[in-house]
Amino acid sequence: MPYEDRLGRVCGFLNFEEIESSGSFIRRYFILDHANGRLFYYMDNPINLPPAWQNPKGEIYLQYVAMVSDARKLRPKIPYCFVINYEGRRYYLEAEDEKDLFEWIEALNNACKITVPKSALQDGAMEWCAGDLSQTSYTTEIAGGVVCKLPVQEQPVDYESDSSNDEETLSSGKISPSSSMSKNSGSSTKENSITFNCEVIREDSTKHSFIGLKCGYCVKQGAVRRSWKRRFFILHEEGLSYFRTEHDKTPIRTIPTSCILEAREHDNSGSHSTSRDNLFELITSRRIFYIQCDTPQEVQSWIDAIKNLLKMRKCEERKSMQHPSSTSYEEGCGQKKVWV
């Protein structure tokens, strides 16, 4: 049964599968240290161990935990089993009983959430840093619409979540924003109001220039490791592209408009439940992309923009069927498309 010690840490014994997929569970003593952002496990309660053995046998960084959930359906032979999805692998643990199971899941999920102290925010500030990060690398997360910068522990370089092994290639071409970026004279300073001049390079070496419909930073979940990474998205007539930063010229991936079926707000009560808010789903013919925005308003803005793009595409398809030789200007859907 988990309990709180005098330091406010959640402690207790769990059976732990230390070697992945071994099926062998070993009893370990766990300490959930929320203040340090880590889950430690020991051979026994450190109080009962000699000084030479009081160091933790292992630790899990909470900032890399994607989700903690009930795993009894995944491992039916292990009663009261739950799983921690962490940096490309799954840690399976076994609780004492059902009450113990749900208490540990709730405690771990709550500890993995990012909270921003109100005292740390200035009036109107939209960014919060965990100390001085000028001389160290950091990761960026979103909490309540506030950009949070947290120090990163040294980890092996991970290319898998955005490599071809992680996400299927959905486009035959590449898209690159040109070096010139222009803003409308009446636009605001927010990212979604920036207008990009974009250039699509097809396999036949032809080029088409057009104006991006919407762009901005969002957080996307990978397909294999389920890790969340902040990416720069551009919605354009050819589809939705995302980059590591807004300065990159080559996208990590482009999702063609022809593959996009629907965009809708994420339902946390469904099978793919998560502790993150402000999520929407981009449903394609091959998979579902889970994308997190800064605010609920941004979620709705992206959904509306994608729906308008799909509506424009359908109108163009109907018009091309009625008039095979279309003109340079297409106004049947309330949109103008100019090829240069």
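This is a predicted model: local features need pLDDT of at least 70, side-chain atom pairs count only at pLDDT 80 or more; totals for chains, interfaces and linings use all residues.
Residues are numbered from 1 along each chain as its sequence is written, and side-chain values rest on heavy atoms, with hydrogens and water left out.

Two helices and 21 strands are present in the chain; helices (H or I, at least four residues) and strands (E, at least two) are DSSP runs, numbered from the N terminus. Of the 340 residues, 43% are buried, where buried means under 20% relative accessible area, exposed over 50% and partly exposed in between (1.4 Å probe, protein chains only). The accessible surface comes to about 19100 Å², with 48% of it belonging to carbon and sulfur atoms; these areas come from the Shrake-Rupley method with a 1.4 Å probe, and for residues only the protein chains shown count as cover. Among contacts (heavy atoms within 4.5 Å) between residues at least 6 apart in sequence, 44% join residues at least 24 apart.

Helix H1 covers residues 98-112. At the N-terminal end, H1 is capped by Asp-97, which places a side-chain oxygen 3.3 Å from the backbone nitrogen of Lys-99. The buried residues of H1 include Trp-104, Ile-105, Leu-108 and Cys-112. An α-helix has 3.6 residues a turn, so residues three or four places apart point the same way. The buried residues of H1 pack against strands S2 (10-16), S3 (26-33), S4 (38-42), S6 (65-70) and S7 (81-86).

The largest nonpolar core has 26 residues, and Phe-82 and Ile-84 have the most contacts inside it. A nonpolar core is a set of buried Ala, Val, Leu, Ile, Met, Phe, Trp, Tyr and Cys residues joined through side-chain atoms within 4.5 Å. At least two residues of this core come from each of S2, S3, S4, S5 (58-61), S6, S7, S8 (89-94) and H1. The most, seven residues, come from H1. Another core, of 22 residues, lies apart from it and has Tyr-242, Ala-305, Leu-310 and Met-312 among its members.

Helix H2 (residues 296-322) has 27 residues and reaches 39 Å from its first C-alpha to its last, close to the 39 Å expected at 1.5 Å a residue. Among its buried residues are Trp-302, Ile-303, Ile-306 and Leu-309. These buried residues of H2 pack against strands S15 (214-221), S16 (228-236), S17 (239-243), S19 (260-265) and S20 (279-284). The side chain of Lys-214 makes a polar contact with the side chain of Ser-301 at 3.0 Å. A polar contact is a pair of N or O atoms within 3.5 Å; within protein, one must be able to donate a hydrogen and the other to accept it, and residues adjacent in sequence count only if both atoms are side-chain atoms.

The structure holds zero disulfides, a disulfide being a pair of cysteine sulfur atoms within 2.5 Å. Cys-293 is in no disulfide, and the nearest cysteine sulfur, that of Cys-218, is 4.0 Å away. Cys-293 counts as buried because its relative accessibility is 1%. Cys-11 is buried too, at 2% relative accessibility.

Met-43, in the loop between S4 and S5, is partly exposed with a relative accessible area of 45%. Not counting residues up to four places away in sequence, Met-43 touches Arg-27, Arg-28 and Lys-57. The C-alpha atoms of Met-43 and Lys-57 are separated by 6.8 Å, although the two residues are 14 residues apart along the chain. Gly-8 sits in the loop between S1 (3-4) and S2 and is partly exposed at 43% relative accessibility.

Most residues other than glycine have a negative phi. Tyr-80, in the loop between S6 and S7, has a positive phi near 60°. Asn-278, in the loop between S19 and S20, also has a positive phi, about 55°. Tyr-80 is partly exposed at 29% relative accessibility, whereas Asn-278 is buried, with a relative accessible area of 15%.

Terms used
The expected span of a helix is 1.5 Å times one less than its number of residues.
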